[in-house]
Each structure stands twice: as C-alpha cells, then as structure tokens.
Amino acid sequence: MPTAVTHFKTNIYECLEALPKPTLDQLYKEPATCLAIFRLLPPLARQLVMSLLFTQPISPVNLTQSDLRLWVKNEEEALAKFHEALDKLSKLSIMTTDSSGYIQINSSFRERFQDCLTGGGDHQSFGVSCERPAKDKPDIAFLDRHAMKQWEEILHFMVGTESTRQPSAAVLKVVTRAKLMKEGKDKQLMITNKGFQFLLQDVNTQVWAFLIQYLDIADELLHMNVVEVLNFFFMLGSLELGMDYSVEALTPTQKQLLDDLANFGLAYRRKKGSSRYYPTRLATTLTSGNSAVVSSAVSSSTSTTTGDDGATEQGFIIVETNYKLYAYTESKLQISVLRLFCELQTRFANMVYALITRDSVRKALKHGITANQIISYLTSHAHPQMKKQTPLLPPTVVDQIRLWEMERNRLVATECHLYKEFRNQGDYEMVLRHATNLGFVIWSNAKKRMFSVTEEGHEHVRNYIKKKIAQRKTNGGGEAGSGIGTPNNGSPSVR
Amino acid sequence: MVKVLKGVIIKCDSTVKQVIYKLNERKQIIIEDLDDTHLFINEKELEEVKIEVEKLLEENTYKTDLPPPSDK
C-alpha cells in the first residue's frame with residue numbers, strides 16, 4: 001500500500017510538485033504528458049479541469065474560486081475534497097488564480113490537452129508505431145514474462161538470492177542512491193531497512209519508486225534533461241501493450257533511456273540497436289492509477305507461465321505458536337525474502353518449512369529491518385486459513401519478535417559534553433534553562449549540579465557562558481569572578 | 001569553576017550498568033556515574049563496551065538445541 005511508505009518518494013505527485021514552474025510548463029508541451037498527469041489527478045480535480053478546459057478560448061468566462069465552490073455540495077467532506085483538488089492543481093500550476101481572482105488554466109496545458117483529446121495537432125507524443133509489420137512479433141504473454149523476469153531479477157539481487165547475475169550499472173546506482181542497499185563490511189551490497197520496505201510494496205509502487213530515483217540520477221549523473229525523461233515515462237504509460245513502436249522518433253536522450261528501461265523490464269527490444277521496441281505491462285499501467293489491477297494481472301499472467309501459484313497474491317504464510325513457519329510458495333523471490341528473517345529447514349514441492357529463531361531475527365535486525373516490518377510482512381502475506389483466527393498472528397511470536405528487537409537496544413549511547421562543578425545553584429539553573437530552551441539537554445541532575453548537552457549544542461552553551469562571564473566582569477560585580485569560571489573546553493580531564 | 005568534559009552518555013538498564021562496572025575494573029572506562037540508568041564514559045571505549053556487553057548478554061541467553069537444518 002502506497003500509504004505505508006514514508007521513507008522514500010513513491011509518489012510521482014510529490015516529485016512533480018517539487019519541480020519549478022518553468023519545468024512544468026516545459027512538460028506540458030507534450031500532449032501525452034498532459035494526459036498522464038491528468039489521469040494522476042484526484043477525480044474532483046479531473047472534473048474541474050474538464051469543465052473549464054473548453055470554455056476559455058471560445059468565450060472568455062471569468063470564474064473565481066467561489067464560483068467553482070458552488071459546483072460542489074456544501075458539505076464538509078465535499079468541500080475538503082474540493083480544496084484538496086484546487087491545491088493539487090495549483091501546485092502543479094495547471095490552474096492558477098490571477099491577480100483579479102479569476103481562475104486561469106495554464107495555457108500550454110490547455111492547448112496540448114485539447115489537442116490530445118480531440119486528436120488535433122501534429123505530434124509524436126504517443127509513440128510512433130512501426131509501419132512495416134514485424135516478422136515475428138512477441139505476444140503479450142512473452143512480454144509479461146520478459147517484464148517479470150527483468151523486474152524480479154532486480155528484486156532477487158536485492159534480497160541476495162544466490163546465482164543471480166550482477167544487474168546493470170543503472171540498477172546498481174539506483175539501489176545504492178536510494179539507500180535500498182548499502183555496502184556491508186566485505187564490500188558486498190546488503191539490503192537495508194528501506195529496501196525491505198520497498199519489497200513489501202506492490203509492483204506498481206515499486207516501479208514508480210524506482211523510476212523516481214532513476215530520475216534523480218538521470219539529472220545529476222547522466223546529465224539528462226528531466227523534462228525529456230519524464231515525458232518519456234509518461235509516453236510509455238500511454239502506449240498500447242503488445243504493439244511495436246519505432247525507435248527512430250525518439251530523441252538521443254530517450255534512446256539512452258530506453259536501454260535502461262529495457263533493463264528494468266519496462267520495455268522489450270529484440271536486440272540492442274533494433275529499430276523497434278515493445279512496451280511491457282509494467283510500463284503501460286504506469287499512469288493507469290490502478291495498481292491493484294497491475295499486480296494481479298502480472299501475477300496471474302506469471303502464474304500460468306512460471307508456475308507461481310495463485311495463492312501468492314492472497315497470502316501463503318502460516319505461522320504457528322511454536323515459531324514454525326510454513327510458506328506455501330514456489331516463488332524463489334518469496335523464499336529469499338523469508339530467508340532474510342527465518343531459518344529455512346526443508347523445501348517441499350509447493351511449500352517451505354522454516355523456523356523463526358532468535359538468531360535469524362537478530363540477523364534481520366542487524367540489517368536494519370525492524371520488528372514491525374517483519375510482523376507487517378507476516379500479516380499481509382498470511383494464508384487465508386490464518387485470517388480466520390483473531391489475532392491473526394500468534395501473540396507469542398509477535399511479542400517475542402518485538403522483545404528480540406528491544407534486546408538489541410539495551411544500550412543507547414549519545415556523544416555529548418558534560419558540564420559540572422558549577423559554583424552555585426543559581427548559575428547552574430540559569431545555564432541549564434538556556435540549554436533546555438534550545439533543546440540541547442540530554443540529561444540533567446540538579447542535586448549533582450551536572451547536565452550534559454549534545455555535540456552541536458556545546459558551542460552555543462559555551463558561548464552563552466562566556467557571554468555571561470563577560471557581562472559580569474563589565475558590571476564589575478564583586479561576585480563575578482567567583483560565579484562562573486571559563487569553561488575548560490576540550491580534553492577530558494578527570495580528577 | 002565550571003568544567004566541561006567530552007564523552008559519551010550511555011542510557012541503559014541496571015543490568016547493563018553492572019556489566020559496564022565489571023569492565024571498569026580492568027580498565028578506566030567510567031568517567032562519571034550519573035544515576036541508575038545513565039553513565040558517562042570515555043568515548044574511546046564505547047565500541048569495546050558495546051561488544052563486551054553484547055558478548056556477556058549472549059552468554060546468558062538460553063538457546064534451544066535445535067536439530068541442525070537439514071538443507072543449507
């Protein structure tokens with residue numbers, strides 16, 4: 001579920017919203033992009049755009065925001081949705097309010113989107129299909145297989161299945177950049193907490209998360225134009241599955257992109273330098289906004305081809321109170337995921353028998369996978385048989401996994417500076433109050449007249465004390481010298 | 001005079017605190033005993049403390065004798 005992810009951007013919205021306005025204007029020059037972005041909008045925003053799209057060039061209608069408000073029901077829920085829609089539209093600078101309060105639709109968006117809906121204009125935004133029919137055209141089942149094979153290869157690499165090939169340089173860059181994996185002690189890439197979270201997502205979310213990361217890299221490392229890259233993503237989303245498209249019409253950047261995307265399994269080319277390419281299901285469903293359909297479509301198509309049993313989608317794991325785990329799956333990928341936190345015991349034709357042990361869970365925890373992630377994985381992949389009982393997972397197992405996690409954190413260390421030996425309580429309290437207000441204090445004890453501040457707070461507190469001393473000196477107060485001394489900064493001198 | 005010391009504050013339960021005291025017998029680690037759950041220690045010793053504590057707690061954990069995994 002996309003909602004569960006907060007660690008990394010999976011949402012193309014956020015990515016688009018972050019773009020500066022000129023870039024957005026550039027983007028709206030492609031009809032396919034306009035259509036794709038339109039599809040990504042919430043229903044009410046789509047409704048608003050559609051209502052206003054054809055009004056303006058014919059007869060300039062001036063509507064204010066309050067006029068639009070009359071279109072929605074005067075209910076709290078409806079109004080909330082309305083404001084959300086307006087907010088989204090203005091963030092994407094599709095709809096703006098001008099100085100006199102009238103609603104304006106971005107002119108290039110309006111023109112291109114009209115073109116796109118009416119089929120006007122001459123553009124190659126939706127891909128140019130090949131004129132000559134291909135000799136042996138791959139069928140849809142083949143494309144699905146190709147897509148799944150390439151994509152799962154990336155996932156396999158992430159979970160560290162043995163015998164997987166080293167993926168392409170682009171994939172490596174994306175996974176390390178996105179911190180889905182990081183280098184362990186022996187220079188081996190290991191899966192991280194984020195990477196595990198990534199595996200829990202459905203395919204569509206994964207693909208988008210991956211592409212957004214790729215976008216970041218494309219900008220910085222490969223010096224590709226963000227607009228061209230995004231346009232290409234959105235164009236892929238509007239292509240038709242099973243059709244062939246010509247490479248000729250692409251820009252050089254997009255040709256380079258195509259190589260990488262073919263690697264990820266979003267497109268298929270018979271060989272490098274082939275003049276045509278085929279989008280796969282991963283690509284064509286990018287902007288459909290209906291991720292559930294994608295994953296089930298992909299899994300059902302693979303179920304017939306690779307023998308992946310249909311139960312995989314609904315859940316296949318049974319956990320017993322004795323920490324035994326039975327997973328009814330044949331998928332290597334799922335087994336590899338299980339291996340991250342279970343000890344595999346026996347593998348049968350259609351199921352795997354594993355144990356959840358202290359060591360196996362600790363191993364996962366060391367990689368940064370949290371107890372909650374393990375539990376939510378077990379919950380979301382629970383076998384239908386398990387779902388009949390409440391609570392779904394045996395409480396003993398859940399509690400124990402949490403306990404094992406807590407056990408690792410028995411010792412929390414924070415680097416700090418310890419202030420001590422204040423002359424009197426007043427000075428102590430004054431400095432402590434100052435440091436507390438700035439939020440630097442880690443620990444304090446009035447009786448011992450000691451407190452400790454964080455590393456970054458040390459500078460501030462030291463300067464504060466120096467300032468106070470200087471103040472007292474200028475005030476010429478008799479008690480000045482005896483009050484606060486110069487803090488002895490630096491090396492720990494223990495007496 | 002105010003004194004400032006640089007080091008590491010460790011927040012732990014009293015069991016771990018005792019373990020660190022044990023280590024302190026061998027080598028000067030603890031700079032200041034703050035309270036029941038806090039210790040102020042020399043930052044150079046932090047890694048060693050972590051490892052030692054882990055080791056000691058590990059020795060005191062009950063493990064079931066599972067049959068060795070049949071396939072690996």
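**A closer look at the sheet**

Guide: Happy to! Let's start with one pair of residues: Tyr419(A) stands opposite Phe451(A), which belongs to β14(A). Keep in mind that this is a predicted model. The pair takes us to two strands of chain A, β12 (residues 411-420) and β14 (residues 450-454), which run antiparallel and are joined by four bridges.

From there, step back to the whole sheet. It is open and has six strands, in the order β13(A)-β14(A)-β12(A)-β1(B)-β3(B)-β2(B), with antiparallel pairing. At the edges stand β13 (441-445) of chain A and β2 (30-35) of chain B; each has a single partner strand, so one side of each is left without a neighbour in the sheet. From one strand to the next, the twist averages 30 degrees.

Now for the helices. In chain A, helix α24 (residues 455-475) lies across β12 and β14, and its direction makes an angle of about 115 degrees with β14(A). Helix α2 (residues 46-59) of chain B lies across strands of both chains: β12 of chain A, together with β1 (3-12) and β3 (38-41) of chain B. This helix α2 of chain B runs at about 140 degrees to β12(A).

Finally, a word on chain B itself. Along its sequence the pattern is β-α-β-β-α, giving two helices and three strands. Of the 72 residues in chain B, 28% are buried. Among contacts in chain B with a separation of 6 or more, 57% come from residues 24 or more positions apart.

Note on methods:
Residues are numbered from 1 along each chain as its sequence is written. Chains are lettered from A and ligands numbered from 1 in the order in which they are written. This is a predicted model: local features need pLDDT of at least 70, side-chain atom pairs count only at pLDDT 80 or more; totals for chains, interfaces and linings use all residues. A residue is buried if 20 or more other C-beta atoms lie within 10 Å of its own, exposed if 12 or fewer, and partly exposed in between; C-beta atoms are placed from the backbone. Two residues are in contact if their C-beta atoms, placed from the backbone, lie within 7 Å. Two strands pair if DSSP finds at least two bridges between them. Axes are lines fitted to C-alpha atoms, for helices over the stretch in contact, and angles run from 0 to 180 degrees between N-to-C directions.
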